[in-house]
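Here is a short note to read beside the model, written as numbered points about its pockets, its cavity and its ligand. Please keep the structure open while going through them.

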Amino acid sequence: MKKETICVQSGYQSKNGEPRVLPIYQSTTYSYDSSEELAKLFDLTKDGHMYSRISNPTVSCVEKKVAELEKGVGAMMTSSGQAASLISILNITGSGDNFICFSNLYGGTTNLFAVTLRKLGIEARFVSYEMSDEEIEALIDERTTLLFGETISNPSLEVLDIERYAKLAHAHGIPLIVDNTFATPILCRPFEWGADIVVHSTSKYMDGHAEVVGGMIVDSGKFDWSGYSCLSEPDDSYHGVIYTKQFGNSAYITKARVQLMRDLGSTPSPFSAFLLNNGLETLHLRMERHSQNALSVAKHLKAHEKVSWVNYPGLPDDRYHDLAMKYLDGGLSSGVVSFGTVNGKKGATVFMDSLKLAKICVHVADLRTCVLHPASTTHRQLTDEQLVSAGVRPEFIRFSTGIENIDDIIADIDQALEKI
Ligand SMILES: *Cc1c(COP(=O)(O)O)cnc(C)c1O
């Protein structure tokens with residue numbers, strides 16, 4: 001099936017006389033006729049649900065849909081995007097190990113990697129797109145487990161050269177993990193370019209309605225894990241199972257569920273999965289409109305005298321336009337635009353406070369237009385100089401373009417820019 005059809009039809013299929021819409025199975029547990037059958041579930045020799053911390057039929061349907069959209073062999077939903085990133089790393093990384101990641105990652109991810117994982121004895125080694133392959137390779141050693149990047153970085157909007165970094169990672173026997181949150185599988189499918197694992201914050205475009213926090217890990221099934229003892233040698237915490245032997249190309253995603261989800265319990269609720277499924281049913285329509293509206297906004301801002309600079313990969317003269325044309329379907333570059341107003345922080349504040357339709361929100365990437373001014377909110381403790389070194393200029397505005405009529409969005413921008 002094509003991606004539009006997968007969005008609408010995949011996951012749950014109703015049989016004769018059954019509900020047409022994905023049911024919410026609000027049950028912690030599942031009953032069986034014999035203890036032998038349940039024992040088989042515990043031995044992982046039979047498929048089925050036993051306890052909703054580990055799996056649930058409503059959640060499974062949504063996981064199946066996302067796995068199909070990304071063209072992977074399996075997916076696991078988590079209670080948040082943060083939990084997805086965490087589990088994607090912990091699944092193959094332990095104390096004393098290190099991994100490579102890009103410094104333009106979402107702030108929450110950066111903090112998780114640099115601060116919290118460090119406390120667990122895991123070292124994140126930060127690199128940038130400006131570095132040569134040799135400079136990055138110099139940081140890879142025997143204890144390096146993976147390379148991690150974002151398809152379109154939040155909020156700097158830099159496009160990851162997936163093919164280049166997948167080759168680099170594979171040359172050293174490590175997988176490339178891609179956070180595909182801003183692009184979604186509608187605009188980019190990282191597995192087609194060599195990525196091995198995809199993670200999502202489904203709280204953004206996938207849900208799309210700003211209703212439910214969630215995350216997803218998807219396994220391409222293509223990486224050879226024979227060099228990873230945690231997957232290719234007996235797991236003591238699961239009576240000696242060897243994941244690569246018993247589960248073949250689903251070894252990674254199976255271990256993530258039966259070991260880490262079992263132990264960490266960052267489980268989504270069936271109702272959250274139901275809401276996410278509603279969002280996914282229209283994802284293809286929304287991503288197209290978000291991208292069209294954002295391109296119009298970016299072009300309009302670019303020509304405006306009260307605007308000093310605009311970043312949007314969909315603009316032909318953007319630094320990342322060539323990569324956007326390669327990796328994002330038809331150059332459709334998602335809904336977020338970043339720009340700076342004239343008059344620095346003061347200009348940005350006047351603009352923000354004058355908006356009427358666009359609301360000031362910490363959230364990003366849902367169907368209602370919203371804005372954030374990092375310098376006066378998430379980064380407000382920093383001085384102007386510190387803001388610049390953090391890559392957040394004082395006049396930096398993150399504009400999350402919604403799917404309202406474009407004329408109304410631009411009219412709101414224009415009246416607010418006039419106030420500067
Ligand atoms: C929001 C976000 C996350 C974190 O996801 P939550 O669902 O908020 O936990 C991770 N990566 C990116 C790119 C994000 O935008």
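1. The second largest pocket has a volume of about 770 Å³, where a pocket is, on a 1 Å grid over the protein atoms alone, an open set of points with protein on both sides within 12 Å along at least five of seven lines. Its volume is the space filled by probe spheres set on the points, which are joined across faces, edges and corners. Its lining consists of 26 residues, with D47, G48, S55, R257 and V258 closest to the centre; a lining residue has an atom within 4 Å of a point.

2. Please note that this is a predicted model, in which local features need pLDDT of at least 70 and side-chain atom pairs count only at pLDDT 80 or more, whereas totals for chains, interfaces and linings use all residues. Residues are numbered from 1 along each chain as its sequence is written, and side-chain values use heavy atoms, with hydrogens and water left out.

3. Which element gives the largest share of the lining of the second largest pocket? That element is α11, with five residues; helices (H or I, at least four residues) and strands (E, at least two) are DSSP runs, numbered from the N terminus.

4. A search of the whole structure finds one cavity of 30 Å³ or more, a cavity being a set of grid points where a 1.4 Å probe fits but cannot get out. The largest cavity has a volume of about 50 Å³, and among its 13 lining residues I54, S55, V59, R257 and P268 lie nearest its centre. At least two lining residues come from each of α3 (57–70), β1 (74–78) and α11 (251–264).

5. The largest pocket holds about 1,000 Å³ of space, and of the 47 residues that line this pocket, L105, Y106, G107, N154 and P155 are the closest to its centre. The largest share of this lining, four residues, is supplied by α5.

6. The space taken by the ligand is the largest pocket, in the sense that more than half of the atoms of the ligand lie within 2 Å of the grid points. The ligand is surrounded by 15 residues, including G81, D179, S201, S203 and K204 as the closest, each having a heavy atom within 4 Å of the ligand.

7. A polar side-chain atom of S201 lies 2.8 Å from an oxygen atom of the ligand, a polar contact being a pair of N or O atoms within 3.5 Å. Taken alone, the ligand exposes 380 Å², of which the protein buries 91%, with areas from the Shrake-Rupley method and a 1.4 Å probe.

Methods:
Polar contact = N/O pair within 3.5 Å; in protein donor to acceptor, adjacent residues only side chain to side chain.
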